Amino acid sequence: MKRFFRPVEKDGSFKKPALSSSSSSSPCPPNETTESIKDGEEGVEKKGPLKFLTWNANSLLLRIKNDWDKFSRFVQNIDPDVICIQEVRMPAAGSKGAPKNPSELKDDTSSSREEKQMVLRALSSLPFKNYRVWWSLSESKYAGTALFIKKQFQPKKVSFSLDRTASKHEQDGRVIIAEFESYLLLNTYAPNNGWKEEESSFQRRRKWDKRILDFVQHVEKPLIWCGDLNVSHQDIDVSHPEFFSSAKLNGYTPPNKEDCGQPGFTLAERCRFSNILSQGKLIDAYRLLHKEKDMEHGFSWSGNPIGKYRGKRMRIDYFIVSELLKDRIVSCEMHGCGIELEGFYGSDHCPVSLQLSKEA
């Protein structure tokens, strides 16, 4: 979510870097959705990951330039098996006017080559050198997702669209799906609802929610769904419910009452989210463990410390899991606190973690 809640930007699309068989030091895998791992191959875990981290970085490149040492120490401390990133905001490979490759970082200009090298250098250092990386990127510095998985874990398949077509990426690089033996991991950056009844605003979000509903109703394995879902489900999930319920952009009031209020906190979005959870037999892992409102640690997004959004916070970053995994939830925590964005590492979102117990 953007700090100042501006109208939704024009759509783009996103991508990912690759690793050739001769460059095993690179954190990035080949262009194929996944490499095949032979049974019994040394170092490969047959069970799926148990520790997960999700974070809207609000520009991975900016975080690398300004806050990477602190975030690196945090990751080393938490030691997640999987890291899901949203708002990568690195453009996809491909020259101007040419088809784009959302799985590769742009490097056809001197500035894009320099930026790509900066990112790859950061990911070639500890702790990130221990992970393989998949990207789904936009055509511009907008949106996009990344998935880091420790090298000892091998997904059966990685795809980049809700219809799980191997070669297809969602517009703006909003989805990465990793299939493991006993569950699916879905990393999403949901489009902001915006403020108006427009194709790039309310209509876009309705279409997204409809596709997510269809996805969760038809998954064949238990699901772990994480990322910036751009919705605060209940009053307890925002710091100031009345402020967010009555929020307007330039005095505009949508014609339907259900669409009024802060993007992410309209009745329409919250009702659709409730339906997605119900129809998909899904559980909000954080709320399962944290029943009470926590004004210090209970929100994942915080408004700009200067201006009317100072102290205004929302929980819009989640781990949503299938009911079948409920008894395996050990912890789900938000790692930022306070209105000064402590633990946000330069972003307007803080990292959120989930830990599962081993399968029986």
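Let me begin with a term: a residue counts as buried when its relative accessible area is under 20%, as exposed when the area is over 50%, and as partly exposed in between, using a 1.4 Å probe and protein chains only. What I am showing is a predicted model, in which local features need pLDDT of at least 70 and side-chain atom pairs count only at pLDDT 80 or more, while totals for chains, interfaces and linings use all residues. Residues are numbered from 1 along each chain as its sequence is written, and side-chain values use heavy atoms, with hydrogens and water left out.

I will start with the aromatic rings. Rings of Phe, Tyr and Trp, the last by its six-membered ring, pair if their centres lie within 6.5 Å, and the planes decide the type: under 30 degrees apart is stacked, over 60 is edge-to-face, and the rest are tilted. By this rule there are 18 aromatic pairs. One of them is edge-to-face and joins phenylalanine 243 to tyrosine 309, with 5.3 Å from centre to centre and 90° between the planes. Phenylalanine 243 belongs to helix H5 (residues 241–245), whereas tyrosine 309 is in the loop between strand E12 (301–302) and strand E13 (313–314), so this pair ties together parts that are 66 residues apart in sequence.

A tilted pair is formed by phenylalanine 273 and tyrosine 318, whose centres are 5.3 Å apart and whose planes make 55°. It links helix H6 (residues 267–280), which holds phenylalanine 273, with strand E14 (residues 317–322), which holds tyrosine 318, across 45 residues. Phenylalanine 273 is buried at 4% relative accessibility, and tyrosine 318 is buried at 1%. Elsewhere, ring pairs join Trp55, Trp68, Phe71, Phe74, Phe128, Phe148 and Tyr345 into a cluster.

Charges also sit over rings here, meaning that NZ of Lys or CZ of Arg is within 6 Å of the ring centre and within 35 degrees of the ring normal. Phenylalanine 243 comes back at this point, with the charged end of lysine 312 over its ring, 4.8 Å from the centre, and lysine 196 lies over the face of tyrosine 252, at 5.5 Å from the ring centre.

Now to the strands, where two of them pair if DSSP finds at least two bridges between them. E11 and E14 are antiparallel and share 3 bridges, and aspartate 284 stands opposite isoleucine 320 in E14.

Let me finish with strand E2 (residues 82–86), in which 5 of 5 residues are buried. Val82, Cys84 and Gln86 point one way from E2, while Ile83 and Ile85 point the other way. What stands opposite isoleucine 83? The residue is leucine 53, and strand E1 (residues 51–56) pairs with E2 in the parallel sense over 5 bridges. Strand E6 (residues 145–150) runs antiparallel to E2, also joined to it by 5 bridges, and in E6 the bridge partner of isoleucine 85 is alanine 146.

Technical notes
Helix = DSSP H or I, 4+ residues; strand = E, 2+ residues; numbered from the N terminus.
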